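Please open the structure in your viewer and keep the selection panel at hand. The stops below say what to select next and what is there.

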Amino acid sequence: MSNYQHIVILTGAGLSAESGLSTFRDKGGIWSTYDYRDVATPQGFARDPGLVLDFYNQRRRAHAHVKPNAAHTALARLERKYPGEVVVVTQNIDALHEAAGSHHLIHMHGELLKALCAKCGARQAWMDDITSNTSCPACGKVGGMRPDVVWFGEMPYHLERIAAHLSAADLFVSIGTSGNVYPAAGFVAEARLNGAHTVELNLEPSERASLFIEAIHGPATSVVPAYIERLLAG
Ligand code: APR
């Protein structure tokens, strides 16, 4: 068994690609079809809430037909089997980590299967479409319901908890992320500053590739289970 005491794993859209969910910046990715300023900013929501709500309604419906893949399952297994602390910090808004059995999980960009009322701040699990006529179950008001996801220009969730994990980490692993979006793209540098060993598992080198001490490139469903096996075998 490896003797890392505190493992932090950052995941991105590439982890869920082989489950059938599109990534954002790859060829044919979500941002090649949609302009993020229209569908993933508070300004876009103010300008055309119907467009934004429909964009997430479509993603929520598609989510109902996908399953966790071997990479999600391997990460849940690491959490169960590894004697040290293992925490997954995900940029993904899908619920595939949970479906695979991960519990020690931080959703820094929110969750697709939750709704947030912009009027009263109430959050709740949400599986159905949201429209501009949807009323908030907590305050009853209409017109403020939105997906509980972090849009560009908004503050990501749980940054203090994440910073505490990064400062304690002796192993930082980044999986399926292009390293384009901060603050997540800055985590590797923070972890390295604290002396952590840093590993990138990705289809190809990311924008931050030079900051990783080790890199294994290939599809997540093959490189992640193999790497987890290595950690558990020590
Ligand atoms: N296995 C491993 N890695 C993969 C796979 C795969 N099957 N398919 C794609 N990748 C890699 C790509 O090479 C790329 O580096 O996953 C990365 C996906 O990058 P992005 O599409 O930029 O997604 P991500 O890094 O998660 O985006 C960060 O940006 O759009 C916002 O809020 C959104 O959370 C998201 C954030």
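Begin at the second largest pocket of this predicted model. Its lining is made up of 9 nonpolar, 9 polar and 2 charged residues. To find the middle of this pocket, select L21, S22, I30, R59 and A62, which lie nearest its centre among the 20 lining residues. The volume here is about 360 Å³.

Now colour the helices around this second largest pocket. α1, α2 (30–33) and α5 each supply at least two residues of its lining. Which of the elements gives the largest share of this lining? Select α5: the largest share, 5 residues, comes from there.

**Next: the largest pocket**

Select A13, F24, R25, T177 and S178. Of the 45 residues that line the largest pocket, these lie nearest its centre. The volume of the largest pocket is about 830 Å³. Then show α1 (13–16), α5 (49–63), β8 (197–202) and α10 (220–233), the elements that give two or more residues to this lining. α10 contributes the most, with 3 residues. Colour the lining by class and you will find 23 nonpolar, 15 polar and 7 charged residues.

**The ligand**

- Start with A13: a backbone N or O atom of A13 lies 2.8 Å from a ligand oxygen atom.
- Go on to H109, where a polar side-chain atom is 2.9 Å from an oxygen atom of the ligand.
- Finish with E204, which has a polar side-chain atom 3.0 Å from an oxygen atom of the ligand.

On its own the ligand has 740 Å² of accessible area, and the protein covers 93% of that.

**The cavity**

How many cavities of 30 Å³ or more does the structure hold? There is 1. To reach the largest cavity, select S174, T177, G179, A184 and A185, which lie nearest its centre out of 14 lining residues. The volume of the largest cavity is about 80 Å³. Its lining holds 7 nonpolar, 5 polar and 2 charged residues.

**Two points on the backbone**

Hide the surface and show the backbone for the last two stops. Most residues other than glycine have a negative phi, and most peptide bonds are trans.

Select Y182 and P183. Is the peptide bond between Y182 and P183 cis or trans? The bond from Y182 to P183 is cis, with omega near 10°. P183 belongs to the loop between β7 (171–175) and α9 (187–193).

Finally, select H158. This residue is not a glycine, yet H158 has a positive phi of about 60°. To place H158 in the fold, show β6 (145–149) and α8 (159–168): H158 is in the loop between them.

Note on methods
Residues are numbered from 1 along each chain as its sequence is written. This is a predicted model: local features need pLDDT of at least 70, side-chain atom pairs count only at pLDDT 80 or more; totals for chains, interfaces and linings use all residues. Side-chain values use heavy atoms; hydrogens and water are left out. A polar contact is a pair of N or O atoms within 3.5 Å; within protein, one must be able to donate a hydrogen and the other to accept it, and residues adjacent in sequence count only if both atoms are side-chain atoms. Accessible areas come from the Shrake-Rupley method with a 1.4 Å probe; for residues, only the protein chains shown count as cover. On a 1 Å grid over the protein atoms alone, a cavity is a set of points where a 1.4 Å probe fits but cannot get out, and a pocket is an open set with protein on both sides within 12 Å along at least five of seven lines; lining residues have an atom within 4 Å of a point. Grid points are joined across faces, edges and corners, and a volume is the space filled by probe spheres set on the points. Helices (H or I, at least four residues) and strands (E, at least two) are DSSP runs, numbered from the N terminus. Ala, Val, Leu, Ile, Met, Phe, Trp, Tyr, Cys and Pro count as nonpolar, Asp, Glu, Lys and Arg as charged, and the others, Gly among them, as polar.
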